[in-house]
Amino acid sequence: MRILLLASAFNSLSQRLHAELRDRRHTVDLQLAGDDVELRDSVRRLRPDLVLAPMLRTAIPRDIWTRLTCLIVHPGPPGDRGPSSLDRAIQEGRTEWGVTVLQAEAEMDAGPVWAWAPCLLPEYGKSDLYRNEVADAAVAAALLAVERFASGTYQPQRQSGPGWSATVRTRPVLRQEERRIDWTADPTEAVLRRLRAADSRPGVLDRLCGGEWYLHGGHREPVLRGAPGELLATRTGAVCRATVDGAVWIPELRRRTPGGPAGVKLPAATALGGLLPALPEVPAPLMPEERDGPVWSDIRYREAGPVGLLRFSFPGGAMSTGHCRRLLAAYRFAAARPTSVLVLGGGRDFFSNGIHLNVIEAAPDPATESWDNITAMDELVDAVLTTTDRLVVAAIGGNAAAGGMMLALAADEVWCRGGSVLNPHYRLMGLYGSEYWTYTLPRRVGPAAAERLTHQALPLSAAAAERIGLVDRVLGCGPEEFGPGAAHLAGLLAASPTTQQRIAAKKAAREADERAKPLDAYREEELAVMHRQFFTPESPYHALRSAFVRKRPVATGAAARV
């Protein structure tokens, strides 16, 4: 079938459905919502069999949904209606939820149901859940709805009448008044639910250090205590704030500027800058012991016999210069340990999306910060590429893109979860790319496929990535099972009688490749192009980055020059 994918943004779920539908040999066109004239023109020109809307903030025009079946993916179980469904479920502490695919009609979310799938809501932030449990349910329900539509015989269930048993619950937008934290009264559990329900957008509006800020994300602190609302400490850019019965770590903040430009979400300590009072930096142990308890950290290392497991998790998958340098130090520590297999990653959410565009945008000199960031990424990738005394596995539990995908390709094996979405390209940000991609990508998929992937700039499903050799293994499991599953497989790999032979062969191959063309030559060639793109003021990268970070439409001129 020809399917028009209609979305307010080409976000993680839209990308995953785009890739999954292409895998099933449907012809898929993307239309961004917002301009009804443009949408009508696309419908006339493309003549789709079906419109599928996985992420939509605006209503579809009546003249379209009355002539053409339009299916809406709603992140709530049957009967749930309203634009803040998932936010409210998390803030209310729901542990079970679902996703419904329904037909567009005049009343929002009230159309006939084509399919639905249940999902769990473990204690994670909204964006993590949306990309994982919710996305798994959404894809299952959407693919079933598409299959039912294609059959031509299925009759969707109307949300009324004798066959309808679900409770209809229409709930309004979750506004800041309901999200607000009362630091003098709310216990830690309530604070965490509010923070998790708004961790990506819109954040929780609050007053801090004399200004108004949106708080993004939250993690429990088991030891530190203070007066409710007091800032207690910092940790790798996050700030710790006391509650009435404990404390929470807040990783990111975004300044509220009424009437001014949209604030940029940044590591909390960076955002506050000189407003932040003198606070102790309380580091978390890289290799915690059992007696340390559940300490929050964005980088952690542990061992299981001959397997080292270096896990990292940065908000949004973005890696600033500081993130890269800290992860490099942790990697060097892990690479000096007595293991034969080192697993890099293994978390349930983003592996990495490469350089930190928000930190770059907010820097006094974005070009210089871009350069510092990419060279720090290159140092990290170089360390992985030149590890020749053990096997390195990149374990992608969530999504990976751009330099983050190339970081994974530096490993000997790449494993990913079946729900991962991979974007091995830089083009949409107006960049050529570095991280030794001109060495690692053609080595994995061949020069022709590397050219196609980097120029088409389309998302890949895990299954498609495995078919072309971009990844070595796909784990068909839920997000919570991926880390333990990868650790188990790494143990089997370490125990294999061929592992030492593979390590020796790897060392010999790296030496041969170095003689043919040194790694430094790849890096210098890549960075020569990147330097021009960073330090040329009219480079499309600057306009594209700013539009991406500030959630603005891309300027036509900038898009045309990419």
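1. Ala 242 sits opposite Ala 247 of β14. The strands involved are β13 (residues 238–242) and β14 (residues 247–250), which pair in the antiparallel sense over 4 bridges. Strands here are DSSP E runs of at least two residues, helices are H or I runs of at least four, and both are numbered from the N terminus; two strands pair if DSSP finds at least two bridges between them.

2. A word on provenance: this is a predicted model, where local features need pLDDT of at least 70 and side-chain atom pairs count only at pLDDT 80 or more, while totals for chains, interfaces and linings use all residues. Residues are numbered from 1 along each chain as its sequence is written, and side-chain values use heavy atoms, leaving out hydrogens and water.

3. Zooming out, 4 strands make an open antiparallel sheet, ordered β11-β14-β13-β12. β11 (219–221) and β12 (231–235) are the edges; each has a single partner strand, so one side of each lacks a neighbour in the sheet. From one strand to the next, the twist averages 30°.

4. Helix α8 (residues 188–196) lies across β11 and β14, at about 20° to β14. Angles run from 0 to 180 degrees between N-to-C directions, with axes fitted to C-alpha atoms, for helices over the stretch in contact (contact: heavy atoms within 4.5 Å).

5. Elsewhere, Leu 102 belongs to strand β6 (residues 96–103). Leu 102 counts as buried because its relative accessibility is 3% (buried is under 20% relative accessible area, exposed over 50%, partly exposed in between, with a 1.4 Å probe and protein chains only). Beyond neighbours within four places in sequence, Leu 102 contacts several residues, including Cys 70, Ile 72, His 74 and Trp 114. The C-alpha atoms of Leu 102 and Trp 114 are 5.5 Å apart, though 12 residues separate them along the chain.
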